[in-house]
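Please open the model in a viewer and follow the stops below in order. Each stop names a selection and then describes what is found there.

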Number of protein chains: 2
Amino acid sequence: MAELLKGALVAEALAERCAAEVEACKAKGVLPTLAILRVGERDDDLSYERGATKRCEAVGVAVKNVVLPATVDQATMLATIEDLNKDAGVHGILMFRPLPEQLDEAACCEALAPTKDVDAATTASLAHVFAGKGAGYAPCTAQACMEILNHYGINPAGKRAAVIGRSLVIGKPVSMMLMAANATVTTCHTKTVDMPSVTREADIVVVAAGKMETIGTEFFKAGQVVIDVGIGWNEEKGKLCGDVCFEEVEPIVEAITPVPGGVGSVTTAVLVSHVVEAAQQVAGI
Amino acid sequence: MAELLKGALVAEALAERCAAEVEACKAKGVLPTLAILRVGERDDDLSYERGATKRCEAVGVAVKNVVLPATVDQATMLATIEDLNKDAGVHGILMFRPLPEQLDEAACCEALAPTKDVDAATTASLAHVFAGKGAGYAPCTAQACMEILNHYGINPAGKRAAVIGRSLVIGKPVSMMLMAANATVTTCHTKTVDMPSVTREADIVVVAAGKMETIGTEFFKAGQVVIDVGIGWNEEKGKLCGDVCFEEVEPIVEAITPVPGGVGSVTTAVLVSHVVEAAQQVAGI
């Protein structure tokens, strides 16, 4: 039986720390505030908005909702972003994507002030993760993986890590963050030959394959820590599943994140922590 | 006996391609031009300037020399950069670093227009390498490694690559570029445990350890391709040496870059190719 690396405990610990930091900000006259910029009424966005709002409220972070019609034009969108950039009462901006087709999404992302870019939409945030310096924030899901390792006392330093996936949202940034934590990281992807032989060498395996229940026992060995970033609805089983074949892999490895209840449940807590961090900068803490 | 991956042939091939591209730019009324911005008279800078100027002249790229006194202040420096950014006759800017202490080097780097940043000084260029999109150019030395592999018909796709070093100038960017070429990359660094066991797994090993003749036979096995980025003066031997113990390692591996005459001799050719690429953008080619 592997240790289950449940996300809820990690999120709770993060929230506790954030709540204390929010109090410190308030004492300096700064109320940490997240602006949620939503275009239209997509179900996914509304669902994430509810989750993020709940997390914010729980730690005392204020939420400012900005909603534009699905038909909004580029100039209005950019003007709205600029207003939020300039608004001294807003510390972080969460802009839901994908944006409707009439908008230039890349231009909208770049328009965000890096110092308020709590969800890593800007080039500056990518460079921040790559270079370990400059303004910006890591993608929340990538950082959620690191928070889980940290919470459960798994120090990547000197360990070998394998990451399955090289996307800009998770694979590449989590590779960089593991390297910054002094792991020796191998990033696998669709062109990797004999991927199981690579992942079996690792002490820590982060799985962001983007394909449900495709990473089976052949990828793992005893003693490994497995972080499963995947999440999708399994019609046949009638439940949410990760990229790892959990039932088969769990008995083999040392520790594994469940799906649901693993990485996904830490993501919004990380988002909130970024807002608080941005507010601390403003408060001079 | 390993195949010697000599840089001169790579640089020649690059120059030939560039010369043809310069002609195409000229036919569109655009003369590819590199501005070399030098502060003071450091020997290193003067030496690199001579090399780069020679390379530029050989392919028909014009050089505009801008020299400021070693005592220049920040405002003058930034105004000079801004003039070069705005100058439609300048396509690439090479700003020598380190800058004198009175200058804010990070601010000077960021002041460069990413579209003219042919030596990867800006955050945008770093993000360009990390994300594989957006304006900017890869660090010349990192790209020189890739040009050597390409020239000698060594396709990284599906291969395992190990990179020794995680600097922003070479280790991290070359890791990203190898990954973009579909290699499965492991980046090693000072905190890597049993590094030889990691590098021996690889088909391609890029060495940027930053310590002369420290990477011996235990790091290698038969069949490997070795790219040695290191260069330093060996007092005892009275000659330039790389990070790899060349005499011992060369008989073991399949192919290796010599030092001198390897990576270093390709770097300025890459710089020139960046200037030509920038000019092509302007010429709409």
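Begin by selecting Glu21(A), which belongs to helix α1 of chain A, residues 7-27. Helices here are DSSP runs of H or I with at least four residues, strands are E runs of at least two, and both are numbered from the N terminus. This is a predicted model, in which local features need pLDDT of at least 70 and side-chain atom pairs count only at pLDDT 80 or more, whereas totals for chains, interfaces and linings use all residues. Residues are numbered from 1 along each chain as its sequence is written, while chains are lettered from A and ligands numbered from 1 in the order in which they are written.

Is Glu21(A) buried or exposed? Glu21(A) counts as buried because it has 21 C-beta neighbours inside 10 Å. (A residue is buried if 20 or more other C-beta atoms lie within 10 Å of its own, exposed if 12 or fewer, and partly exposed in between, with C-beta atoms placed from the backbone.) Leaving aside residues up to four places away in sequence, Glu21(A) touches Val276(A) and Gln280(A); contact requires C-beta atoms, placed from the backbone, within 7 Å.

Next, select helix α6 of chain A, residues 140-151. Of its 12 residues, 10 are buried, so α6(A) is largely enclosed by the rest of the structure. Among the buried residues are Cys140(A), Cys145(A) and Leu149(A). The buried residues of α6(A) pack against α1, α7 (171-180), β7 (204-207), β8 (225-228) and α10 (264-283) of chain A. After the helix comes Gly153(A), with a positive phi near 70 degrees.

Now move to β7(A). Ile204(A) and Val206(A) on one side, and Val205(A) and Val207(A) on the other, are all buried, so both faces of the strand are covered. Four bridges link β7(A) in parallel to strand β5 of chain A, residues 160-164, where Ile164(A) stands opposite Val207(A). β7(A) also runs parallel to β8(A), joined by four bridges, and Val205(A) has Val226(A) as its bridge partner there. Strands pair if DSSP finds at least two bridges between them.

Finally, turn to chain B, where an open sheet of three strands has the order β3-β2-β4 with parallel pairing. Its edge strands are β3 (62-68) and β4 (92-95) of chain B, each pairing on one side only. Select β2 of chain B, residues 33-39, which is joined to β3(B) by seven bridges. Ile36(B) stands opposite Asn65(B) in β3(B).

Terms used:
Two residues are in contact if their C-beta atoms, placed from the backbone, lie within 7 Å. The expected span of a helix is 1.5 Å times one less than its number of residues.
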